[in-house]
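Hi everyone, thanks for coming.

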Amino acid sequence: MGQTQTKKKYIKELNSESREKYFIMYGGMFLEKQLSLCQGKDTGSRQLKTLSIDDIKKATNNYDRSLVIGDSQSTVYKGIIEDRVVAVTVARDFELNPKLIGLYLTGAATAMVMNHENLVKIYGCCLETYIPTVVYEYLPNASLFKHLHLVKNRIKWCDRLRVATDTAYALSYMHTALSKPVVHRNVRSFSVLLDESFHGKLSNFGYSVTLNPAETSQKRPVLGCPGYIDPEYVETGEVTEKCDVYSFGVLLLEMLTGKQPIMMALHKSDLVDVFVSAVEKNDMTEIMDSEVLEQATDDEIQQVVRLALTCVAKTGDERPTMINVVQQLWRMKDQDDNIRRSNA
């Protein structure tokens, strides 16, 4: 009975007048966000492909629960549109929710303006629903979180190093490619999706904000995932690119230890504090993931540890830029590839 009721809510129809109203309203909001990101300049962004509610229902086989591949703040369906496999993101809120609408449209606009191989691409958007329905490219290996914490055969060290590099590359692009830096604010293992070759693609752009270099202080409400949020951002409310650097450092520690930052935060613990304490006590191996200890060299571990610790330094001024992080990770990856070739 519960599933039937939920399905009926999902396919609740709007009359033609309401559809037109939402289409115009959301289309204007989307364009405004897109222009804000690129300041009207051509950055290689594409025109938004608009989909009808009938397109969405067809793609999801009328919201077939057997096609659900994600179910948290929104329900994500694996669907097919124009012979393309896609991920259809449907809001779980069935009434007008300005905050949720803003998150969906910000995420869609960011994905539309950004154009990088390590960022998840948007396919289209349906603006005829209470809250816009956004369609992204489908990534068959789901999230990095799944492969770190939920599967028996966890992701290998060489793949972790590659995914870390891919994610860093995506963030460096967001920080430098447009006329104004874009800060992600939601870097975590849930936000990194994996393709068929285990290359990482950054997603979940709803919390993203643009920075104006001319402004001396850019304070905003604190948003992000517990366990990954920059403490300096929490204290000051000021958003900088170094907020992403901190979250990325936590992600590196998650890859090294196999521990879940969000679960630790819910239990009033902090992965960064725990890891730093272990290093100071020379007990680092006790906290490391067994997969990492078995597959990585001591030198590789030490290099990633040093990088992670600089990323989670107490102040943003002490942290590297994401461009510098990419450079360091590329050197590590090249060393790892050379070792594997010599041992083959």
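Let's begin with a polar contact, that is, a pair of N or O atoms within 3.5 Å where, within protein, one must be able to donate a hydrogen and the other to accept it, and where residues adjacent in sequence count only if both atoms are side-chain atoms. The backbone oxygen of Ser203 sits 2.7 Å from a polar atom of the His184 side chain. For the backbone oxygen of Asn204, the distance to a polar atom of that side chain is 3.1 Å.

A quick word on the source: this is a predicted model, where local features need pLDDT of at least 70, side-chain atom pairs count only at pLDDT 80 or more, and totals for chains, interfaces and linings use all residues. Residues are numbered from 1 along each chain as its sequence is written, and side-chain values use heavy atoms, leaving out hydrogens and water.

So where is His184? You'll find His184 in the loop between strand E7 (182-183) and strand E8 (192-194); strands are DSSP runs of at least two residues, numbered from the N terminus. His184 is buried, at 0% relative accessible area, where buried means under 20% (1.4 Å probe, protein chains only).

Now to strand E6, residues 133-137: 4 of its 5 residues are buried. Strands pair if DSSP finds at least two bridges between them. E6 runs antiparallel to E4 (residues 84-91), with 4 bridges, and Val86 stands opposite Glu137. E5 (residues 122-126) also joins E6 through 4 bridges, antiparallel, with Gly124 opposite Val135. E5 and E6 make a hairpin, with 6 residues between them.

How values were computed
Buried < 20%, exposed > 50% of the residue type's maximum accessible area, 1.4 Å probe, protein only.
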